[in-house]
Amino acid sequence: MNIYNTMITADYCPDWTRLDVAREYLTNALDSPQNWEVTFDDKGAMYIRSLNTKLHPSVLALGVSSNRDDSSAVGTHGEGLVVSMAVALREGLDLIFYNDDRDWTPKFEHHPQFDKEVLVIYATPTETYNEESFIVKISGYTEDELEEITKRCLYLQKDETLGKVGTCHMGRVLFDKKGDLYVGGVWVTKTNLDYTYDFNPEFLHLNRDRKTVEHWDLKTSVAKIQQLVSAPEFVAKLVEEKSIDVDYLQYTPVTKAIKDECFKLYQNKYDGKMLASSQTEVSTKEAEGYSNLIVENDTFSGVVQSSEGYKAIEFERDQSTPVSSVEELLIKMSTISKAKSIEAVGELLDTFKRRGVKWGK
């Protein structure tokens, strides 16, 4: 028998739950390049099996990870295996690991130097041959928890329950499900997105505890994957409808087909008008002599303005100078009434203000 001591107490990762334990070991199994399977016995125990896999005891040391150089793996920090043992015991679950010809049994035991209960793993010869597999057996989940675990792993669900799915090298989009984020088939978090996304791990980096992702990374990745799995007309419609799923589209390489479809929508709605993404931009363009502007959202404006069709439009621009404008007004005043002249002067002053005409400091 071998005994492996850790410095982990029951208080480690206090925000992790019983469901996080299953998530961690499911993720580890899915990261394995070998086959894996999940089964349940008649007592509700969960078995997560990685076939043709034997772990070296070194993985029980924090920081050791066989996945660190594998961009396709979700787990790379080298701590989830052991940390989840502590969380499981703290939360009242029973754990045992069948590692080929060894059984690993985690326990909390008093450490005299620290005067604390710390995690200890006992490795003993197994009583049954495990077919060169690494098996995690978790007991103690309720039926509701097992149902939730199944919902949180797409690979435990039947394909027909996923609805309409678009797939590409980055992952997949579940169009009939709203607002969930998965990475590598395992649930990460709820989102405010219009659709559900499952990214392959190399295309969306998770934080240390696999629960959150950088906002910029998520929004740009969603915009990219929508372009890969959806028709250009569909993506353009999302842009027009201000879908949050594509509001970072302009910060990604946008395909010509999508630009063209957005330009068609612009022609139907605003043909002849110049687009601006804010009132500030309107003021800037008016100062340059442009008129007939319309304010649209950043994404729609940005994509349309980058299209070949929009770039080819020659928008009318007033290129008159203050002097030429006054000269024209003087000529006009000789042919109109005093009231009309006063009105014309007011209009010219408004034009000067709009164009940013100033004298002095």
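Which residue in E11 does tyrosine 182 stand opposite? Tyrosine 182 stands opposite tryptophan 187.

This is a predicted model: local features need pLDDT of at least 70, side-chain atom pairs count only at pLDDT 80 or more, and totals for chains, interfaces and linings use all residues. Residues are numbered from 1 along each chain as its sequence is written, and side-chain values use heavy atoms, with hydrogens and water left out.

Strand E10 (residues 180-183) pairs with strand E11 (residues 186-190) in the antiparallel sense, over 4 bridges. Pairing requires at least two DSSP bridges between the strands. Helices (H or I, at least four residues) and strands (E, at least two) are DSSP runs, numbered from the N terminus. E10 and E11 form a hairpin with 2 residues between them. In the turn, glycine 184 has a positive phi of about 65°.

**Cysteines.** A search of the whole structure finds 0 disulfides (cysteine sulfur pairs within 2.5 Å). Cysteine 153 is in no disulfide; its nearest cysteine sulfur, that of cysteine 168, is 19 Å away. Two cysteines count as buried (under 20% relative accessible area; exposed is over 50%, partly exposed in between; 1.4 Å probe, protein chains only).

| Residue | Relative accessibility |
|---|---|
| Cysteine 13 | 18% |
| Cysteine 153 | 0% |

**Helix H5.** H5 spans residues 232-240. Its buried residues are Val235, Ala236, Leu238, Val239 and Glu240. They pack against helix H4 (215-229), helix H6 (256-270) and helix H8 (298-305), where contact means heavy atoms within 4.5 Å. Just after H5, lysine 242 takes a positive phi of about 60°.
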